[in-house]
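Subject: Structure for you to look at

Hello,

Here is the structure I said I would pass on. My notes on it follow below.

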Amino acid sequence: MGSFSLKCCVLIYILHECAMGIPNKHRSEEGMIRNCTSLPPYLPPTAVNTTQRLRSLRREMGMFNLEAYIIPATDAHMSEYIADRDARRAWMTGFTGSAGTAVVTMTNSALWTDSRYWTQAERQLDCNWELQRTTRVNSIVEWILNEVQPGLLIGFDPFLFSMDDWKSYSTALADSGRNFTSIETNLVDLIWMEQRPTPTSNIYRLQDNFSGSTWQAKVSDIRDQMERHSQKPTAVLLSALDETAWLFNLRAKDIPYNPYFYAYTLLSKNFIRLFVNESRITPEIHEFLQTDCSTPTCVQLIDYTLVRENVQNYTKDDVKVWIGTEYTNYGLYEVMPQDKLLVDNFSPVMKTKAVKNSQEQNLLRKAHIRDAVAVIQYFVWLEKNVPQGAVDELSGAHHVDELRRKQKNSDGPSFMTISASGLNAALAHYSPSNNTVRKLSVKEMYLVDSGGQYLDGTTDITRTLHWGTPTAFEKEAYTRVLMGNIDLTTLVFPAEYSGRSLEAFARRPLWSAGLDYGHGTGHGIGNFLSVHEWPVGFQSNNIPLTKGMFTSIEPGYYHDGLFGIRIEDVSLVIEAQTQHMFGGKPYLTFEPISLVPYERKLIDTRLLSDQHVKYLDNYYQTIRKLIGPELLGQNLKEEHRWMMKNTEPISEGTLTTVVTGMLPLALLANIFVQWAFE
C-alpha cells in the first residue's frame, strides 16, 4: 500500500474513533477466571478448594435426613455487613461478595448472585459450584426442584431467614411435595467448629455530645408511638443491630465497619429487656443502663441466646408485639402466634432513627467537613504520585483510610474502600486484593468510593478521576453521570414522595444517550451507625422521604472491561423555597453535605445546561467557604491551594475547558488532511 493510501486509512480510522468515541468492549485479563470445561479444569489462584467442606456438610445433612441445605449470606440480624463468624456462605463457597445464596444437595451445589459479582464469582469459585446469574428466589427454588425428589427434606437455619425470605421460599415450594424444614442448629457451624471466629470487642457508651438525645428520651418516644398506635401494641421487638445501638447510645466492633454488638431488645410499656452477652457489660454500662432496679425505665439484661425462649413465653399472654419484617428473623417469628403480632415493614425505631434532629444534623455536617479534608489530601497525594507509577489500588485504599484515621473523632473506615483503576472500576463494587490489584495510571480512569466512621457521623463519597487525557466517550459518560447527580440533587418535590418515584431524574441524562447503571441510586446514612442505613433511599422498599433524612445520590456508568464511573454525594432532605405550596405542605429538595470537587478534565461543558453550571459554581463556593477554613486550620496549605484551583467557577471556563486534552474534530480533520497530502 502506498504512503498516501496508508495515511488516508489511518486518517479515516482516527476520525471514525474520535467521532464515535465509544470504545469496544473487550475481555478481562486472561487467567483471572475459572474454566471448568477445559481438561484439566483451570482454576485461578483466587479460587478456593471446597471439596472437603462439601463432603463434611453432606455428612451433617445426612444426620438430619436432608437432601438440600440453603446457605444465605447474612446473620441473625439481617445485617448488610456481617462479622467473619457469620460469613458461612463465603466460607463454604470461597465467594466473598456481599450478595448471594448457596444451595448444597447430596450430589450438587450452586451459587446465585447478581451482576455486580459475576466476574468475582468466576474468580473465586472452584468447579464444585454452578454459578447462577440471578438472585431470584424462584430461580433458586426451580433449581432445587430439579435436584430434589418429592417427599425429601430441604433444610435451612431459621435465624438466617427474614420473614419475607421465608415467605418467598415457602410460597415457591408450596404444593411441590418437598418439605421446607427449619433446622435450629446451623450445619455450617458444626463443621466450621473451632475455626469459627468469636467476638472480642468491648461494648462502650457513646458520649452525650455525640448523640441526638438520651436513651431514656428515645425509649419514651417509642413508648409514646406505641400508645398512639390504633392497634395498641404492648411491646416492640428490635432485631437489627443498629436499632439497639441507636436506642441505648451504645457501640462496639462486632461487625466490620459498623459499630455494633450482638443484641436484641424487647421494649414494652412496663419493662426494657436487652438480650446480650452480659460478660461484655462493664460496671460503667451497668450504671448507665440502670440495671440494678426494676422500674419501667431500668434495663433488664438477659443472655443473648435466650431471646427465642423469652419472646415465646411473652407471647403466651394477652399481648401484641410490634415487629419489622425486614429485620426480624424467622427463628423468632415462628415461635410467636400471628394474632399476637403487629407487623410492619420497619419497626418504629428504624423509622424514627432515619429522621435526624437538629443536633444529629449538625454532627453529620461536621463529620463530612473533616472527611472532605482527608479526601482532598488523598487527591493531592495521588496527583503527585500516580504519574511516578508509585500507587496501586491497594496502596491507594490504605492511604485514604489512613488519612481518615488522622482526622478528629475518627473510628476507621465505614466500609472496605473501593479503589478501582481501569477495567476493575467496571465492577461496581470491586475491592482490591493482592490477586487483582492494578497500578494506577495516567492513561486510565480511577474510581474511589470510600467513607469514614466518626464519633459524630458516618460518611460515604465517590469520585472518579483521570490524570491524563480522557477520551471523548469517557468525558461524555462522566458528564452525563454528573448531570444526573445534579438533576436529582436540585429536584424540588412534594413532601413524603418515595425515593423510587424520583430516582429516574438521576438516570435521565444517561438514558437520553442509551446508557444506564445497574445499582441503586442512593441509600440512607447514619450518625456513627450504618453507611447504608435503611429505610431511606431510592428503592421500592424505602419509606417516603422526609425533612431531616440523609441520603446518598450516586448515579454511575460502567463499561465492562474498560472503565467505571460513579459520582456520589450525601445530601440532607430540606424544605424547598417555592412560590406556592400545593396542599399546604412545604415542598422538599436536597442539600449536599459531601464537599469535594469533581474531576474538571472529565466534564464536557457543552453538555451542561445553564442550571448545571450555576449549581456547580455555587457548590464550589460552598466548598471554599466550609472546607477552606478547615484545611488552613489543619495547616494544609498545599491542599488548600489544590482546592482553590479545583473550585474555580465552571462558568468562567465554559468555552475553553471543553477542548482541553482534545482538538475540535474540524480542526483535527484539517491537520490530518494536510499531513496526508505531504
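How many residues does helix H2 have, and how far does it reach from its first C-alpha to its last? The model is a predicted one, and in it H2 takes in residues 51–63, which makes 13 residues. The helix reaches 19 Å between those end atoms, close to the 18 Å expected at 1.5 Å a residue. Its buried residues are Leu54, Ser56, Leu57, Arg58, Glu60 and Met61. Since an α-helix has 3.6 residues a turn, residues three or four places apart point the same way. The cover over the buried residues of H2 includes strands E1 (66–72), E2 (101–105) and E3 (109–112), and helices H3 (88–93) and H7 (187–192) also contribute to it. After H2 comes asparagine 65, with a positive phi near 60°.

Strand E16 (residues 418–421) is covered on both faces. Ile418 and Ala420 are buried on one side, and Ser419 and Ser421 are buried on the other. In a regular strand the side chains alternate between the two faces of the sheet. E16 runs antiparallel to strand E17 (residues 446–450), and 4 bridges join the two. Across this pairing, serine 419 stands opposite valine 448.

Next, the disulfides. The count comes to 2. In one of them, cysteine 36 is joined to cysteine 127, with 2.0 Å from S to S. The torsion about this S-S bond is about -95°, so the disulfide is left-handed. Cysteine 36 lies in the loop between helix H1 (3–20) and H2, while cysteine 127 lies in the loop between helix H4 (118–124) and strand E4 (130–132), so the pair ties together parts that are 91 residues apart in sequence. Both ends are partly exposed: cysteine 36 has a relative accessibility of 35%, and cysteine 127 has 34%.

A disulfide is also formed by cysteine 293 and cysteine 298, whose sulfur atoms are 1.6 Å apart. This link is left-handed too, with -95° about the S-S bond. Cysteine 293 is partly exposed at 32%, whereas cysteine 298 is buried at 2%. With the bonded cysteines numbered in sequence order, the pairing is 1-2, 3-4.

On aromatic rings, a search of the whole structure finds 30 pairs. One of them is the tilted pair of phenylalanine 156 and tyrosine 330, at 6.1 Å centre to centre and 45° between the planes. Phenylalanine 156 is in strand E5 (residues 153–156) and tyrosine 330 in helix H12 (residues 330–333), so that distant parts of the chain, 174 residues apart, are linked. Phenylalanine 156 is buried at 1% relative accessibility, and tyrosine 330 is buried at 11%.

Tryptophan 215 and phenylalanine 248 have ring centres 5.9 Å apart and planes at 55°, so this pair is tilted. Tryptophan 215 belongs to helix H8 (residues 215–228) and phenylalanine 248 to helix H9 (residues 241–248), so the pair ties together parts 33 residues apart in sequence. Tryptophan 215 is buried, with a relative accessible area of 1%, and phenylalanine 248 is buried at 0%.

Ring pairs also link Phe156, Phe161, Trp166, Tyr169, Phe180, Tyr330 and Tyr333 into a cluster.

Finally, charges over rings. Arginine 85 lies over the face of tyrosine 262, at 5.8 Å from the ring centre. Arginine 507 lies over the face of tyrosine 517, at 3.9 Å from the ring centre.

Regards

Definitions and conventions
Residues are numbered from 1 along each chain as its sequence is written. This is a predicted model: local features need pLDDT of at least 70, side-chain atom pairs count only at pLDDT 80 or more; totals for chains, interfaces and linings use all residues. Side-chain values use heavy atoms; hydrogens and water are left out. The expected span of a helix is 1.5 Å times one less than its number of residues. Buried means under 20% relative accessible area, exposed over 50%, partly exposed in between (1.4 Å probe, protein chains only). Contact means heavy atoms within 4.5 Å. Two strands pair if DSSP finds at least two bridges between them. A disulfide is a pair of cysteine sulfur atoms within 2.5 Å. Rings of Phe, Tyr and Trp (its six-membered ring) pair if their centres lie within 6.5 Å; planes under 30 degrees apart count as stacked, over 60 as edge-to-face and the rest as tilted. A charge sits over a ring if NZ of Lys or CZ of Arg is within 6 Å of the ring centre and within 35 degrees of the ring normal.
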